[in-house]
Amino acid sequence: MPSRIQIEEDKVTTIWLNRPDVRNAMDEQMITELTTAFHDAGDNQNVRAIILRGRGKSFCAGADLNYMKSIAEFGFDENVKDAQKLAALFQTVYLCPVPTIAMVHGAAFGGANGLLAACDIVIAEENTKFAFSEVKLGIAPATISPFVIRRIGEYGARELMVTGKRFNAREALKWKLVNHVTEESTFEQMMEEIVQHILSAGPVAVRETKQLIRQVDASNPVEELMKHTAQMIARLRGSAEGREGMSSFLEKRKPKWMD
């Protein structure tokens, strides 16, 4: 069976959703392939960033309805196992140790919003349409909810998830579902600018900072965080990358990781 995704491997790795004939709707095979791709890219120390995007007219139309219909015929336990695979995909994207950037165009419906919400940075082309359409199908946006609600908050979720209404990229920006909205003509340029900022930073420092943000956001006791963050900065200051970063700044030259 043909792969559901395409991967362009480099220090900036691009993962393409590649089912344009069905607007990149997700099925079991795509879910498995995406989980593996993000896991492998995150484990590769040469990878500095991951771009997620969709072939064809849309980023992703959510779950493949034929796949969903077949799943509905499964027993409860099989349904749970299947849902856990989807949840594991979103968790893998969310925990990916390198920066992740979703480039969204056309449409992002249902589970597609779980993918983009789990990414660090989301760039939306201004004509993109969004919807948490699950309630229109008689189901709930369950597996995506932990990641979406982290982004848009409880009351944003109440309006968008409960109504299932469609909304545009500017509204998505207002709800903080996306970070940037741009015209089609500047879509690639905005991504390149963000990537260049990432590449100008220390690769170890970026990975450590992603971990730091998750730990601080996890509502750990302040005393515990103070101890952990002090140890982290001490370790990074004394590291080879930390010493190189400070030396290059003082010597007014580019750090070696930009060579």
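This is a predicted model: local features need pLDDT of at least 70, side-chain atom pairs count only at pLDDT 80 or more; totals for chains, interfaces and linings use all residues.
Strand β1 covers residues 5-8, and it pairs with β2 in the antiparallel sense. Four bridges hold that pairing in the assignment. The two strands form a hairpin, with three residues between them.

Now β2 itself, residues 12-17. How many of its six residues are buried? Six of the six, so the strand is mostly covered, given that buried means under 20% relative accessible area. Look at the two faces separately. V12, T14 and W16 are on one side. T13, I15 and L17 are on the other. Both faces are covered.

On to the next pairing. β2 also pairs with strand β3, residues 49-54. Here the sense is parallel, over six bridges. I15 stands opposite L52 in β3. W16 stands opposite R53 in β3.

Six of its six residues are buried, so β3 is largely enclosed by the rest of the structure. A49, I51 and R53 point one way from the strand. I50, L52 and G54 point the other way. Each of these residues is buried.

Stay with W16 for a moment. Which residue lies over the face of W16? It is R55, at 3.8 Å from the ring centre. There is another arginine over a ring elsewhere. R158 lies over the face of Y155, at 4.8 Å from the ring centre.

Next, helix α1, residues 28-43. Now burial along α1. The buried residues are Q29, M30, I31, E33, L34, T35, A37, F38, A41 and G42. Keep the helical repeat in mind when you look at that list. An α-helix has 3.6 residues a turn, so residues three or four places apart point the same way.

Zoom in on β5 and β7. β7 covers residues 129-131. The two strands pair in the parallel sense over three bridges. A108 has F130 as its bridge partner in β7.

F130 takes us to the aromatics. A search of the whole structure finds four aromatic pairs. One of them is F130 with F167, and that pair is stacked. The centres are 5.6 Å apart, with 15° between the planes. This pair links distant parts of the chain: F130 sits in strand β7, F167 in strand β8, 37 residues apart. Are these two phenylalanines buried or exposed? F130 is buried, with a relative accessible area of 0%. F167 is buried too, with a relative accessible area of 2%. There is also an aromatic cluster, made of F90, Y94 and F147.

Last stop, helix α8, residues 203-217. Two residues here are worth a look. Take E208, which lies in α8. At 14% relative accessibility, E208 counts as buried. What is E208 in contact with, leaving aside its neighbours within four places in sequence? The partners are M232, R235 and L236.

Then I213, also found in helix α8. I213 is exposed, with a relative accessible area of 54%. For a sense of distance, compare I213 with G106. They are 107 residues apart in sequence. In space they are 31 Å apart, C-alpha to C-alpha.

To recap. β2 is mostly covered, and β3 is largely enclosed. F130 and F167 form a stacked pair.

Key
Residues are numbered from 1 along each chain as its sequence is written. Side-chain values use heavy atoms; hydrogens and water are left out. Two strands pair if DSSP finds at least two bridges between them. Buried means under 20% relative accessible area, exposed over 50%, partly exposed in between (1.4 Å probe, protein chains only). Contact means heavy atoms within 4.5 Å. Rings of Phe, Tyr and Trp (its six-membered ring) pair if their centres lie within 6.5 Å; planes under 30 degrees apart count as stacked, over 60 as edge-to-face and the rest as tilted. A charge sits over a ring if NZ of Lys or CZ of Arg is within 6 Å of the ring centre and within 35 degrees of the ring normal.
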